[in-house]
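Subject: structure for your files

Hello,

Here is the structure I said I would pass on, with my notes below it. Please read them with the model open.

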Amino acid sequence: MHDHRRLGRQLGLFDTDPLMGAGLPYWLPDGATVRHALEEYIRGVERRAGYRHVYSPVLGKRELYEISGHWSHYQDDMFPPMDLGGEEFVLRPSLCPHHALIYRSRAHSYRELPLRMAELGGMYRSELSGVLGGLTRVRSIQLNDAHIFCTLDQVADEARAALELIRRAYEALGIRPARFRLSLPGPGGKYVADPAMWERSAALLTEVLDSSGVPYEAVEGEAAFYGPKIDVQIADEAGRESTLSTVQVDFHQPERFDLYYIGADGDRHRPVMIHRSVVGSVERAVAHLVEQHGGAFPGWLAPTQVVVLPISDTELPRAAELVDRCAERGLRAEVSGPEHGTLGARVRAARLVPYQAVIGAREASGDSVALRLRDGRRVDSLPAAELLDRVGALVGAFRTDLWDDDEDRVRD
Ligand SMILES: [Zn+2]
């Protein structure tokens, strides 16, 4: 594995500037492309799984976080309040309180449940500058977050469905979880005091994990202040673990925000809130992807998916035309012409690009390419239209393999 900070800079994905501040990375065009592809993938799978997306502001009044409990349990990790004409605003430490207010803004019937509300939104953490670095310890976080408001009977199915979303996303991203953890409260932590609630949520999550058949460990001291959670752990190059994805069951915030739905009996009932994140923070997810793949991202995530290599200047117009056809298909392509050196040098420079389409005189006259795959395999003569179809299909299906293995024209 690789160090994402070094590779991120080398590949022009992201950087920081002391004037913007430590822990506040900015994304360069190639990094922004990877991030955008990741975010669109997440929004797509969430939409298909019945989530509706919202946008909410990245700050709110101090009272909001006093009600949610963040102010009393999590204040050390929050930025200090800003005074605006006598009102105090804080950068949000999580999205939950905003989503609770959005839920509360309309009356809900039991028929609308489970109501799945998702947002890829900003949140902030006041980390000390000494521990900041790269994309893994940051002060500004883009979180892939969602809250499912549901009945007690629906909790297990919804939590299981969230775990399944996580499993599928890891497959598309080519990442492997280090382990699943059931995170429980531990001694000395700041937790909401309601033993019955903790017992109930822990029992629900245990049931979900047991029925999912994934091996897991129960660990004390890692719960959220409002409830236990399932954490999906990943490991970095040094074997250090961090949490990427979570599923949490929360009885606390629905109570604090007085959330309700109208049941079949016409009475008000309290929903349960499930917090879940498929890829956690976009920053941490991209850092892990960089380290895991060494910059050779799965085709659908690659900043440049197809590099077109004309052998001489004569084939430049053909190469430019192929790039246009790629763009029409939604593929990210670019030309690397003879001004960038010999063909060998250009192939080496494009070693992280999944598809390298070489065009010589023969290919130009036949509207074909000689295709090289990033892993060294080749297809000597491939009609350009077929290249577009095949790569379009593989990328559109979020596949991690670059080519169909049963294809007999491919050679090593
Ligand atoms: Zn939440």
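Pro-114 sits in the loop between helix H5 (96-104) and E7. The peptide bond that joins Leu-113 to Pro-114 is cis, with omega at about -5 degrees. Helices (H or I, at least four residues) and strands (E, at least two) are DSSP runs, numbered from the N terminus.

Two points on conventions. Residues are numbered from 1 along each chain as its sequence is written. The model is predicted: local features need pLDDT of at least 70, side-chain atom pairs count only at pLDDT 80 or more, and totals for chains, interfaces and linings use all residues.

Other backbone points

Most residues other than glycine have a negative phi, and most peptide bonds are trans. Asp-258 has a positive phi, near 50 degrees, and lies in the loop between helix H8 (252-256) and strand E13 (261-262). With 11 other C-beta atoms within 10 Å, Asp-258 is exposed. The classes work as follows: a residue is buried if 20 or more other C-beta atoms lie within 10 Å of its own, exposed if 12 or fewer, and partly exposed in between, with C-beta atoms placed from the backbone. Phe-398, in the segment after helix H13 (384-396), also has a positive phi, near 55 degrees. Phe-398 has 19 other C-beta atoms within 10 Å and is therefore partly exposed.

Domains and core

The domain assignment gives domain 1 (4-293) and domain 2 (306-396); such bounds come from an automatic or database domain assignment. Taken over C-alpha atoms, the centres of domain 1 and domain 2 are 41 Å apart. UniProt, in an unreviewed entry, lists residues 29-298 as "domain: Aminoacyl-transfer RNA synthetases class-II family profile". UniProt positions are given in the numbering used here, feature names are shortened, and annotations may be inferred rather than shown by experiment. In the model, residues 29-298 are 35% helix and 27% strand, and the end C-alpha atoms of the span lie 18 Å apart.

The largest nonpolar core has 98 residues, and Ile-274, Val-308 and Ala-357 have the most contacts inside it. Helix H6 (residues 155-173) gives the most to this core, nine residues. At least three residues of this core come from each of domain 1 (4-293) and domain 2 (306-396). A nonpolar core here is a set of buried Ala, Val, Leu, Ile, Met, Phe, Trp, Tyr and Cys residues joined through C-beta atoms within 7 Å. Leaving aside neighbours within four places in sequence, Ala-357 is in contact with Val-306, Val-308, Leu-309, Leu-322, Val-369, Leu-371 and Leu-387. Contact means that the C-beta atoms of two residues, placed from the backbone, lie within 7 Å.

Helix H10

Leu-322 is also one of the buried residues of H10, with Arg-318, Ala-319 and Cys-326. The arc is that of the directions from the helix axis to the C-beta atoms. What covers them includes strand E16 (306-310), strand E17 (333-335), strand E18 (355-359), helix H12 (361-366) and H13. Pro-317, Asp-324 and Glu-328 are exposed on the other side of H10. The 13 residues of H10 (residues 316-328) should span 18 Å at 1.5 Å a residue, and the end C-alpha atoms are 19 Å apart, which agrees. The expected span is 1.5 Å times one less than the number of residues. Just after H10, Gly-330 takes a positive phi of about 80 degrees.

Helix H2

Buried in H2 are Gly-31, Val-34, Arg-35, Ala-37, Leu-38, Ile-42 and Glu-46. Their arc around the axis is only 165 degrees, which puts them on the same side of H2. They pack against helix H1 (4-10), strand E1 (14-15), strand E2 (26-27), strand E7 (115-124), strand E8 (140-150) and helix H9 (282-293). The face turned away from the buried side of H2 carries the exposed residues Pro-29, Glu-40, Gly-44, Arg-47 and Arg-48.

Regards
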